[in-house]
Amino acid sequence: IESNKLFCIGHRGGAWEGPENTIEVFRKHDNLLHMFELDVCLTKDKRLVVHHDSTLTRLCGKNLLIE
């Protein structure tokens, strides 16, 4: 489909202006973006968590795997 309109997707929920992958940033950009991208991981105990990386290093400074 050809279009001259810009289609905007918020990477990690639009994290350029708030905590990534949070309801806070989703709501803040709800009227600016067409969709949000978020990352969902399944833990060993079968719980779903929303986090972009496989470890906590970048956001928390802890070199721990999200398991």
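The side chain of aspartate 39 makes a polar contact with the side chain of histidine 52, at 2.7 Å; a polar contact is a pair of N or O atoms within 3.5 Å, where within protein one must be able to donate a hydrogen and the other to accept it, and residues adjacent in sequence count only if both atoms are side-chain atoms. The model is predicted, so local features need pLDDT of at least 70 and side-chain atom pairs count only at pLDDT 80 or more, while totals for chains, interfaces and linings use all residues. Residues are numbered from 1 along each chain as its sequence is written, and side-chain values use heavy atoms, with hydrogens and water left out.

**Surroundings of aspartate 39**
- Aspartate 39 lies in the loop between strand S2 (35–36) and strand S3 (40–42); strands (E, at least two residues) and helices (H or I, at least four) are DSSP runs numbered from the N terminus.
- Leaving aside residues up to four places away in sequence, aspartate 39 touches Arg12, Asn21, Val49, Val50, His51 and His52, contact meaning heavy atoms within 4.5 Å.

**Overall fold**
- The chain has two helices and four strands, in the sequence order β-α-β-β-β-α.
- Of its 67 residues, 22% count as buried, that is, under 20% relative accessible area with a 1.4 Å probe, protein chains only.

**Confidence**
- The mean pLDDT (the predictor's confidence in each residue, from 0 to 100) is 81 for the chain, and 91% of residues reach 70 or more.

How values were computed:
Buried means under 20% relative accessible area, exposed over 50%, partly exposed in between (1.4 Å probe, protein chains only).
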